[in-house]
Amino acid sequence: MNTLHKYTAATLSALIALTLAACSGESGQPSSSSPNAGNTGITESSSVPASSSEAGPAEKDYSEHLTFNVAWTLVYGSDFNSDALAQEWNKRFNVEWEVTALTDMDKLRIWINSGDMPDVAVWTYNHGEALNYIEQELLYRLPDDWKQRWPNAAAAYGYTKLGDELEKVVGGTYILPRPIFTTNMATDPIVWHYMTCLRKDWAQAVNFPVKDTYTVDEILEYARLIKAQDPGGLGDKLIPISTNNTEALRLFIRTQNARAEGFYKDANGQYQWGGADPETLEALKAYQAAFREGLMNPEFFSYKGSESRDAFWVSGQAGVVNCGGTCSLRYTNFNKFSSNIGTDPNDAVQMTIVLDNQGVYHDVEVKNFGDNLIFSPDISQEKFERFMDMVDYSTTEEGQLLINAGFEGVDWERGANNEIVPLNDTPMKEKYPSQDPLFCNMYMMADNYSMVNPTIPQQFRDSIWNDYKTKVSLSSGDSILKNDWQEYFFDSPSKQKVNFNYANEYAQLVVKDGDLEQNWKEWVESKMPLIQPVLDELNSMK
């Protein structure tokens with residue numbers, strides 16, 4: 001890796017310190033002349049302090065050694081106490097860690113309901129469960145002045161919107177949603193990072209135009225061309241479109257009707273069910289065409305994990321794939337392609353945005369949080385305050401630099417213009433195994449930093465900013481389904497019965513024999529006895 005990729009100190013400050021002075025971009029958008037300048041996401045209502053809490057770590061009494069028992073997702077085997085990053089962190093706060101990996105939420109539910117949860121846990125939000133836990137006093141209630149005591153954490157919390165909205169419902173703070181983006185929020189609303197990639201070299205070989213955006217019909221046309229001409233010489237190993245249930249839903253359904261996965265308000269303010277929309281049927285037609293014409297692997301619905309994506313990045317069998325479009329994933333996937341396929345991905349891979357057949361971008365607004373921090377109701381005051389000190393520090397410039405860039409003089413240095421210059425090519429999570437996921441996701445999710453991470457080449461940092469903004473610029477009217485907190489917080493026995501797995505539901509319709517429209521109508525009719533009570537309840541809410 002070229003270690004001279006770098007960004008300005010102002011960028012870093014805007015990213016990490018959350019300072020208003022460094023965040024003066026217009027309308028919450030990055031400057032068009034500097035797409036990854038990092039001066040985004042600040043609004044008048046989210047005043048962001050530049051300093052850490054009034055009494056910093058050096059001024060507080062950390063003489064008592066504390067051991068934190070935490071339940072965390074995606075634990076990769078580190079003990080979180082041994083490497084240099086962990087040692088520095090633990091020494092700073094006089095703590096050590098006992099970490100339990102959460103492979104699913106059922107284990108945590110048992111602990112919570114039995115009154116035996118760890119000190120701190122990462123919990124996937126469910127509103128009905130939240131109300132139940134709060135009513136039974138199974139979660140710790142944060143002190144009413146916590147935002148004044150830990151202002152950096154409070155500033156980051158404000159970006160989630162969930163936190164403030166939930167406080168209106170329950171009258172206090174019991175849950176800390178972890179923000180995905182803060183100052184590096186490229187657009188408002190936030191849209192999903194997912195992109196569609198196709199083989200650019202194959203497109204050129206079959207005289208198909210190489211563009212930054214394609215309609216759904218154009219994607220099908222490309223798949224038909226490479227199936228017919230087989231420019232890669234793969235024979236029966238060729239998979240024109242490699243996808244699984246979830247990725248097919250994004251590629252064929254959400255690109256044409258973002259409402260297809262739940263409830264939404266129509267122009268008259270009445271709630272409707274997206275599954276019954278005529279636009280959902282039209283999207284299913286393109287999906288089924290791809291399946292019936294042999295443009296997809298016939299066993300796509302059984303693909304697990306990264307199988308569908310590996311057909312593009314690892315084995316080179318696929319012509320089209322839906323893929324994660326975060327800055328770090330783009331870089332990782334390009335490197336993976338280069339090492340496995342032996343071809344320069346800059347010559348062979350085109351990252352694109354898929355639009356409906358009228359050229360409009362559709363999506364669901366991202367809820368700006370990645371799981372939530374919750375505390376045991378029995379956590380001691382000393383442990384709670386110490387953990388909040390760590391959370392607050394983790395959102396400061398100094399804390400984010402340590403977590404995401406490592407040590408000055410060892411992992412990075414200041415350049416001539418005070419910019420950050422990496423000193424080695426080793427990824428943080430490899431050099432310091434404790435970094436991912438504990439420290440880098442202690443509160444602010446790693447996505448925010450990845451938008452301007454100087455260890456990622458400039459082309460990837462520029463492209464993600466541009467792609468986010470392009471998606472929103474190509475939306476129209478309500479083609480981006482905005483967050484509806486009233487509907488999100490609504491819970492009832494009826495609503496609990498309609499948490500369908502839409503990826504599976506739509507895949508089953510696509511592979512089913514017979515006429516698609518008739519099958520879809522019968523499916524809608526079969527669901528309406530469950531759906532109608534929820535619509536009635538939603539539309540009767542005040």
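Contact here means heavy atoms within 4.5 Å. Helices (H or I, at least four residues) and strands (E, at least two) are DSSP runs, numbered from the N terminus. The structure is a predicted model, in which local features need pLDDT of at least 70, side-chain atom pairs count only at pLDDT 80 or more, and totals for chains, interfaces and linings use all residues. Residues are numbered from 1 along each chain as its sequence is written, and side-chain values use heavy atoms, with hydrogens and water left out.

The protein comprises 24 helices and 16 strands. Of its 542 residues, 55% count as buried, where buried means under 20% relative accessible area, exposed over 50%, and partly exposed in between (1.4 Å probe, protein chains only). Among contacts with a separation of 6 or more, 77% join residues 24 or more positions apart.

An α-helix has 3.6 residues a turn, so residues three or four places apart point the same way. After α7 comes G171, with a positive phi near 75 degrees.

Next comes a pair of helices. The axes of α10 (residues 245-254) and α23 (residues 502-511) come within 9 Å and cross at roughly 75 degrees. Axes are lines fitted to C-alpha atoms, for helices over the stretch in contact, with angles running from 0 to 180 degrees between N-to-C directions. On the α10 side, the contact is made by N245, T246, L249 and I253, and on the α23 side by Y502, A503, N504, Y506 and A507. Sorted by class, this contact has 6 nonpolar, 3 polar and no charged residues. Ala, Val, Leu, Ile, Met, Phe, Trp, Tyr, Cys and Pro count as nonpolar, Asp, Glu, Lys and Arg as charged, and the others, Gly among them, as polar.

The loop between α10 and β8 (263-265) contains Q256, which counts as buried at 13% relative accessibility. A polar atom of the Q256 side chain lies 2.8 Å from the backbone oxygen of F252. Leaving aside neighbours within four places in sequence, Q256 is in contact with V216, E282, A283, A286, D356, N357 and H362.

Some backbone details are also worth a look. The peptide bond from D188 to P189 is cis, with omega near 15 degrees, and P189 sits in the loop between β4 and β5 (195-199). A cis peptide bond also runs from D436 to P437, with omega near 15 degrees; P437 belongs to helix α18 (residues 435-439).

E137, in the loop between α4 and α5, has a positive phi of about 60 degrees and is exposed, with a relative accessible area of 63%. For D230, phi is positive and near 45 degrees. This residue is found in the loop between α9 (216-229) and β7 (239-242), and D230 is partly exposed, at a relative accessible area of 21%.

Note on methods: Polar contact = N/O pair within 3.5 Å; in protein donor to acceptor, adjacent residues only side chain to side chain.
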